[in-house]
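Thank you for asking me to look over this model. My notes are set out below as numbered points.

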Amino acid sequence: MKELDKIPKENPFRVPENYFEEVQKKIIDRTAESRPDRYTKGKIFSIRSLLVVAASVAFIITLTLVLLFVKKGSREQIAYNGEINGTEVEYIMHNIDILTLEGEAARIWSATGINDVDSEAIIDYLINENISTLEIIEHL
Amino acid sequence: MGEKEQDSDIINLLAIDISRGFRLMVERYSRRLYWHIRRIVILHEDADDALQNTFMNAWKNIGNFRHESSIYTWLYSIATNEALGIINRRNRGNAVSLDDLGTIFVRSLEGSTWFDGDAAQQKLQNAILRLPEKQRIVFNLRYYDDMSYEDMSKILSTSVGALKASYHHAVKKIEEYLQSA
């Protein structure tokens with residue numbers, strides 16, 4: 001039998017009474033004085049922040065695609081209903097807005113001599129009657 | 001519960017509430033780290049300093065902790081470095097030979113209030129304290145902590161083969177000392 005095996009494997013060292021309770025409290029108290037580096041579970045970037053970034057990118061891409069398709073769809077719908085070609089629709093989409101309509105209407109009403117009716121009120125009335133802006137333009 | 005399972009509950013709690021997670025880490029590891037440090041530095045006062053520094057370093061660097069290692073091996077690495085740092089500071093400026101260092105350790109042990117081993121245990125400690133520093137750490141981790149060579153390899157950044165050889169040499173030297181003394 002080896003000499004080492006004859007000696008009981010016991011810890012011969014001692015510590016002051018309640019040492020571990022006291023040192024644990026001391027360590028915890030000391031941590032309150034400083035903040036650690038930001039802890040992220042496992043990786044430099046947390047899964048949560050990666051998900052936020054991925055969701056944001058997906059949202060932007062989806063929004064862009066939806067806007068592109070809606071715009072394209074609107075053009076095709078206008079072209080179909082009004083039997084006007086794509087170039088004319090393109091022009092209307094980019095150049096005709098409600099203020100232009102009001103300006104045009106005012107010019108025509110003025111030419112007819114009907115000055116006691118406000119052009120803005122007429123267009124508002126037509127829109128309220130569910131007359132599309134395209135039809136209003138056609139009748140100007 | 002294995003070390004890895006123990007670590008996982010600390011890791012989960014750290015992600016939810018870092019203070020509570022750290023508290024659990026301190027409660028679970030302070031005793032075993034203290035004994036690991038104490039066997040290196042011998043004096044209780046030095047072990048106390050090194051233990052507190054170990055946890056303060058862990059707290060400061062908790063954000064750098066990577067899951068490639070476990071909390072267990074990570075803390076043991078910090079504790080070992082703190083303990084060796086204390087020994088180096090103690091011997092700084094003094095060109096102390098290995099034999100002299102062993103003698104200094106033995107005297108520290110004999111004069112320590114916090115040692116109550118019997119004659120056989122005193123003899124064993126004398127033998128351990130005469131080992132080269134790294135052999136001493138390897139022997140203590142294996143003999144007292146029953147640590148696997150794989151975990152030891154992560155802590156000491158040494159190959160498993162080299163650690164086995166180191167433990168074998170340590171046991172041989174201790175056996176020779178015990179037979180001769």
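The points begin with the basis of the model, then take each chain and the contact between the two.

1. This is a predicted model, in which local features need pLDDT of at least 70 and side-chain atom pairs count only at pLDDT 80 or more, whereas totals for chains, interfaces and linings use all residues. Residues are numbered from 1 along each chain as its sequence is written, chains are lettered from A and ligands numbered from 1 in the order in which they are written, and side-chain values use heavy atoms, with hydrogens and water left out.

2. Chain A has seven helices and zero strands, where helices (H or I, at least four residues) and strands (E, at least two) are DSSP runs numbered from the N terminus. Of its 140 residues, 21% are buried, a term that stands for under 20% relative accessible area (1.4 Å probe, protein chains only). The accessible surface of chain A is about 10,600 Å², with 58% of it belonging to carbon and sulfur atoms; such areas come from the Shrake-Rupley method with a 1.4 Å probe.

3. Chain B is made up of nine helices and zero strands, and 54% of its 181 residues count as buried.

4. If contact is taken as heavy atoms within 4.5 Å, then among contacts in chain A between residues at least 6 apart in sequence, 40% join residues at least 24 apart. For chain B, the share of contacts joining residues at least 24 apart, again among those between residues at least 6 apart in sequence, is 60%.

5. Two salt bridges are counted between chain A and chain B, each being a side-chain nitrogen of Lys or Arg within 4 Å of a carboxyl oxygen of Asp or Glu. One of them joins the side chains of Glu21(A) and Arg31(B), at 3.8 Å from N to O.

Notes. Buried means under 20% relative accessible area, exposed over 50%, partly exposed in between (1.4 Å probe, protein chains only).
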